[in-house]
Amino acid sequence: MMMNKLAGIGWLLAVVLSFSMPAFASELSALEIDTLVQETMERANIPGLAVVILKDGSSTIKGYGRANEHNERVSANTAFELSSNSKAFTALAILLLESQSKVSLDDPITKYIPWLKLRYEGKEVIPFVSDFLSHTSGINENSIGLIPMAEGEGALARTIEAVMQMPLKYKPGTTFEYATVNYDVLGLLIEIVSGRKYAEFMESEVFEPLELTQTYVKEGQERKAELATGYKYRFLSPAPYEAPPYDGNAPAGYIVSTAKDLERWLKIQLQPEVSPFPNLIAKSQTAFRHVPPDLDGTSYAYGWSVEQRGQGILSHQGANPNYSSHIIFSPEEALGVSVIGNLNTPLTQYLAVELFNQLRGHEADNQQTTYFKKVDQIASVATAFLIFNALVLVGLLIHLVFLRESDAYLAKRSNAWVSIGVSVLGFLLTGYAVYKLPNLIFNGHPWPFIQVWAPSSVLPALFSFLAFVGLFFLYYTVYNLRPKKRHFFIILLFLSFFSGFGNAFIIFVINQALIDDQPIESGVLFFFVCAILLYLSTQKSLRYGLINAANNFLYEKRILLIEKILQITYQNFETIEKGKLESVLNNDTETLSGVINTAITSFTAFITLIWCFIYLAIINVYGFMLSFAIIFVVTLLYHIVSARAEAVWNEARNIQNLFFRLISDVVHGFKELKINQKKSRDFKAGFVKVCKEYTSLRIKGEIGFSNIFIIGEILFVIVIGFVTFAFPSIFRDIGNVEIRNYVLVFLYMTGPVNEILNAVPFVSMAKISWQRINEIIGLDVSKLEQPSANSDYHQEVKLELDQIRYSYESENRFSIGPISASFSSGEIIFITGGNGSGKTTLAKIISGLYSPDSGDLKLGGQAIPPDILRDHFSIVFADYHLFDRLYGVDLHDKVEEIDTLIQQFRLDNKITIKNGVFSTTNLSTGQRKRLALIASYLEDRPIYLFDEWAADQDVEFRKYFYETLLSDLKSLGKCVIVVSHDQQYFSVADRIINLEMGQLAT
């Protein structure tokens, strides 16, 4: 049965393949014929072919390949189903009955088949007999899908009754629409008029008179001797396939013949006078002209397509589920070619036409297609891919189900029912879409028809898809019932897969709608809506998931940053570039946060492009390879330009650290800038210089990325132009439909491409920020402190310094030591000395902020790690920082003590402390320092260290500090260390340690 429109049903059924053709010549050698045939057979994996060539009265018959699974060779006597080339024999039988005055072509069909009731637009209409011969009866081409599997008595009637269920597509006699069932109606007419079975009439009245001794009508599963085994694609190679019986379709497609008989049949067509009824043969070659020609410019004759141009070329192609054929001839040129094969492939037609044209000295103008092979390849790869992913899902599902957690599943029933409901609804919608899939990619034919005609790998692919989708929804349901979201990024990966597919599927559906006569009625609109719903739902879930995942990831990074910063040794912390930490914690983390939405859009665009590229490869694999090569070059150029722009951006990012440092200078040095105009002007000049340099670099970087965008966009347009103008010349067999599809897909791809191009600057900035963050996170372990296992401290302490030395890594390498000293609970020790004598340095060593270069720090006679040593101290340094709350203070039962201290330090009229938070820190320098001392006092540590605390206090509080507070701490058994210049209060100290140039003074 002829399937003349299947080549246009979409990307699952059409791909144009090109290859070099032999030199054209009016005469072909046997070697050239053999080469062309064998190359064609290899293209489509055709098991066996038989070729007949008639030229100027001479004939060539040759068999190629295997006739069956037993590897028997094809010969001139090997029989094949002629499929739609059976129609010419049926038409000849009608003409024979007309010549006997038993039938009139102008009679209504109901004269012979009274019960044949056909309807057009709800009204009963009656076509003429000629309408069935010329395919102008109005019967829809898709009626082939309604032909039932039938054999035996009454098969023809049952077939026509089944097809009558479909209303006519056109008013009879007005429009050509090839429908194979037309000739089944004629077969029934032959039976009714002749009073004999169709097969019997054809045998005695047509085949025998024409001396076609090896030609017969196939009935049921009957296989006469020499009938070749039919094949159908199954998982990347043809496999023997026994199609169901279609006796009711015999007049249109189930006459069997051999190359030897087809040589006789061709000779009759070229020379009608050699037949017993030459006038009928001549009439059968006369085209019906009462309707416009078909889209390819041909008109239909009696079982033949007649070209409107040239010298009157007649042809007919044929395809059954497991056979194909093509006959083409020109009576005026005395040339004819017939090719029959045991595989359904359009390359049978290609080969016949190619041989015919080369023998004429003309270039072939037909397209070589292997869509069934391509469908099989796609279905086979898809099956393997889906089964693999289904197994992955099964493994993940088992892992989720058997995870041992105390709170294994969510307690809320509402959440469970929502997840289950979404999954069930999604699976049912998917199942319904698969059920309706024939409307989109199989020209609306029903599933029984597809099961017979399509490659055997199609249904396993669809079942694998349904299994995969079902497992995904089951996994999604179980995943949502888990309190701990395991395999989160696997869910996002699958969502990205579906989202990108949905986005690309939209353009495929649009392409189908453009080639479909009735996209709404045929159900294409349904798939358009499904594609949009798929894209929207997966995008929403994907964005929701990625936003949550990305922000939680950034949260973890920020926490990790703080942890790493707090682990940095103090002396290494002091070496960090000023402004760098602020920039990393603020700008870099915010940059990463801001790029999330861009990343989501770009990632979806990337997945969409992958699907679009797959679609392009299906349309034309060689065209895709050439396009991909061009795009690869474009991407390479894009990367080179992008790398330069990124380097500029990285330089600008370095200046940003300086910019943050200047901001810090404004905040902390505002008084100094305000009080000194010259200093303020100089600072402003420096600030302007940095800002100008930073702005200049940003402009340069952004212009670089802008150039990248323009270059990428233009180069992509060039690719589209190349496809439009160069492909027709490079690929001679590519058609306008494929070119249009390519251009339409490329135009659709400009959206995702632009999204990716727009994302490049943001991704580059995020990349730089990521590197800066990782510089902190990935600090050398030697610069970090690992917390000790035990940080408990004792109230009674004795801290000993044994020959401690420490040197700064600077040009003058100031050092202190060796110093030996001890500090015990219940005593007050003053550290004195001039400015630069090393007092603060010694205080940092004593408190564990600095690790000595040599010597030992001992607590209770044992060496102690710095972090545990620090836990014994409460400190107020001269350059202290006042936090806005009491960190590290156990506030339980300390409310009264806090109120008492605030009153003692006369801060009760300035601040309040609620839940450990200060109502304000906007205080004078002295007040702030008193508040810092209160916070230190409340920490209740064994050792207190005060570095020049009294320097900013008035006389009253200075006296209170030295004479009252220090004595109170001593009476509490605290070890009190005071760095001081106040000689008038040196008498308060139990001991004094005096430093001069880093050494103990005697």
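## Gln803 and the basis of the model

At 43% relative accessibility, Gln803 counts as partly exposed; buried means under 20% relative accessible area, exposed over 50%, and partly exposed in between, with a 1.4 Å probe and protein chains only. Gln803 belongs to strand β15, residues 798–807. Its phi is positive, about 55°, although Gln803 is not a glycine. Most residues other than glycine have a negative phi, and most peptide bonds are trans.

The model is a predicted one, in which local features need pLDDT of at least 70 and side-chain atom pairs count only at pLDDT 80 or more, while totals for chains, interfaces and linings use all residues. Residues are numbered from 1 along each chain as its sequence is written, and side-chain values use heavy atoms, with hydrogens and water left out.

## Overall composition

The protein has 28 helices and 26 strands. These elements are DSSP runs numbered from the N terminus, with helices (H or I) of at least four residues and strands (E) of at least two. Of the 1002 residues in the protein, 52% are buried. The accessible surface comes to about 45500 Å², and carbon and sulfur atoms account for 57% of that area. Accessible areas come from the Shrake-Rupley method with a 1.4 Å probe, and for residues only the protein chains shown count as cover.

Contact means heavy atoms within 4.5 Å. Among contacts between residues at least 6 apart in sequence, 75% join residues at least 24 apart.

## Strand β16

Strand β16 spans residues 815–824 and includes Pro818. A cis peptide bond joins Gly817 and Pro818, with omega about 0°.

Ser824 also lies in β16. At 19% relative accessibility, Ser824 counts as buried. Not counting residues up to four places away in sequence, Ser824 touches Val797, Lys798 and Cys975.

## Helix α24

Helix α24 covers residues 839–846, and seven of its eight residues are buried, so the helix is largely enclosed by the rest of the structure. The buried residues are Lys839, Thr841, Leu842, Ala843, Lys844, Ile845 and Ile846. After α24 comes Gly848, which has a positive phi near 90°.

## Packing of α11 against α15

Two packed helices are described by the angle between their axes and the distance between the axes. Helix α11 (residues 371–401) and helix α15 (residues 458–481) pack at an angle of about 25°, with their axes 8 Å apart. That angle makes α11 roughly parallel to α15. Axes are lines fitted to C-alpha atoms, for helices over the stretch in contact, and angles run from 0 to 180 degrees between N-to-C directions; those under 35 degrees count as roughly parallel, over 145 as roughly antiparallel, 65 to 115 as roughly perpendicular and the rest as oblique.

The crossing of α11 and α15 is left-handed, a term used if the near helix is turned anticlockwise from the far one by less than a right angle, with right-handed used if clockwise. The residues of this contact comprise 22 nonpolar, three polar and no charged. Here Ala, Val, Leu, Ile, Met, Phe, Trp, Tyr, Cys and Pro count as nonpolar, Asp, Glu, Lys and Arg as charged, and the others, Gly among them, as polar. Phe463 lies in α15 and is exposed, with a relative accessible area of 58%. The C-alpha atoms of Phe463 and Leu386 are 9.6 Å apart, although 77 residues separate the two in sequence.

Helices α26 and α27 (the latter residues 925–939) pack at an angle of about 145°, with their axes 11 Å apart. Their crossing is right-handed. Glu897, Ile898, Leu901 and Ile902 of α26 meet Ile934, Tyr937 and Leu938 of α27. The residues of this contact divide into six nonpolar, no polar and one charged.

Arg906 lies in the loop between α26 (895–904) and β21 (913–914). Arg906 has a positive phi of about 55° although it is not a glycine. With 46% relative accessibility, Arg906 counts as partly exposed.

## Glu69 in the loop between β2 and β3

Glu69 is found in the loop between β2 (58–65) and β3 (79–81). Glu69 is partly exposed, with a relative accessible area of 44%. Leaving aside neighbours within four places in sequence, Glu69 is in contact with Thr229, Tyr231 and Pro240. The C-alpha atoms of Glu69 and Tyr231 are separated by 9.4 Å, and the two residues are 162 residues apart along the chain.
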